[in-house]
Amino acid sequence: QVQLVESGGGLVQAGGSLRLACAASGSIFRMNAMNWYRQAPGNQRELVATITRGGSTNYADSMSGRFTISRDNAKNTAYLQMNSLKPEDTAVYYCNVVVTRFSGGRDDYWGQGTQVTVSS
């Protein structure tokens with residue numbers, strides 16, 4: 001089993017910044033892709049950003065240029081630096097990881113979510 005602990009959410013004014021962290025622990029042979037999703041009330045969960053083990057990144061169009069995803073493979077931790085935040089960025093942000101088991105095969109895990117609220 002793998003546990004994900006997210007941190008860094010909170011309340012910020014428009015134009016401000018927050019940095020989210022997602023620390024994974026447990027039975028991890030290899031941490032593959034690490035992703036951030038978000039879900040606003042009444043909306044579907046959407047992909048925010050993704051980073052491969054090798055560091056390749058991809059962003060949703062509305063976040064590109066404002067958000068930066070990074071990771072520390074030694075710590076099995078992913079980060080999401082969010083700048084120039086807008087009220088429409090208000091959502092619960094979820095960490096998602098793909099882990100290779102010691103026994104082979106891959107599993108997909110989700111964090112509990114962290115609330116980000118951007119006031120106007």
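Reader: Is Thr-100 buried or exposed?
Author: Thr-100 is buried, with a relative accessible area of 8%. Buried means under 20% relative accessible area, exposed over 50%, and partly exposed in between, with a 1.4 Å probe and protein chains only. This is a predicted model, in which local features need pLDDT of at least 70 and side-chain atom pairs count only at pLDDT 80 or more, while totals for chains, interfaces and linings use all residues. Residues are numbered from 1 along each chain as its sequence is written, and side-chain values use heavy atoms, with hydrogens and water left out.

Reader: Where is the place of Thr-100?
Author: Thr-100 is in strand S9. Strands are DSSP runs (E, at least two residues), as helices are (H or I, at least four), numbered from the N terminus.

Reader: And which residues is Thr-100 in contact with, leaving aside its neighbours within four places in sequence?
Author: Thr-100 is then in contact with Ile-28, Phe-29, Arg-30, Asn-32, Gly-105 and Arg-106. Contact means heavy atoms within 4.5 Å.

Reader: How do S4 and S9 pair?
Author: S4 and S9 pair in the antiparallel sense over 8 bridges, and Tyr-37 stands opposite Tyr-94 in S9. Two strands pair if DSSP finds at least two bridges between them.

Reader: How many bridges join S4 to S5?
Author: S4 and S5 run antiparallel and are joined by 5 bridges. Trp-36 stands opposite Ala-49 in S5. The hairpin of S4 and S5 has 6 residues between the strands, and Gly-42 takes a positive phi near 80 degrees there.

Reader: Turning to the core, which residues have the most contacts inside the largest nonpolar one?
Author: They are Trp-36, Leu-80, Met-82 and Tyr-93, in a core of 31 residues. The elements giving two or more residues to this core include S1, S3, strand S4 (30-39) and strand S9 (91-100). The largest share, 5 residues, comes from S9. A nonpolar core is a set of buried Ala, Val, Leu, Ile, Met, Phe, Trp, Tyr and Cys residues joined through side-chain atoms within 4.5 Å.

Reader: What order does the open sheet of 4 strands have?
Author: The order is S1-S3-S8-S7, with antiparallel pairing.

Reader: Which strands stand at the edges?
Author: Strand S1 (2-7) and strand S7 (67-72) do, each with a single partner strand, so one side of each is left without a neighbour in the sheet. S1 pairs with strand S3 (residues 18-26) in the antiparallel sense over 6 bridges, and Leu-4 stands opposite Ala-24 in S3.
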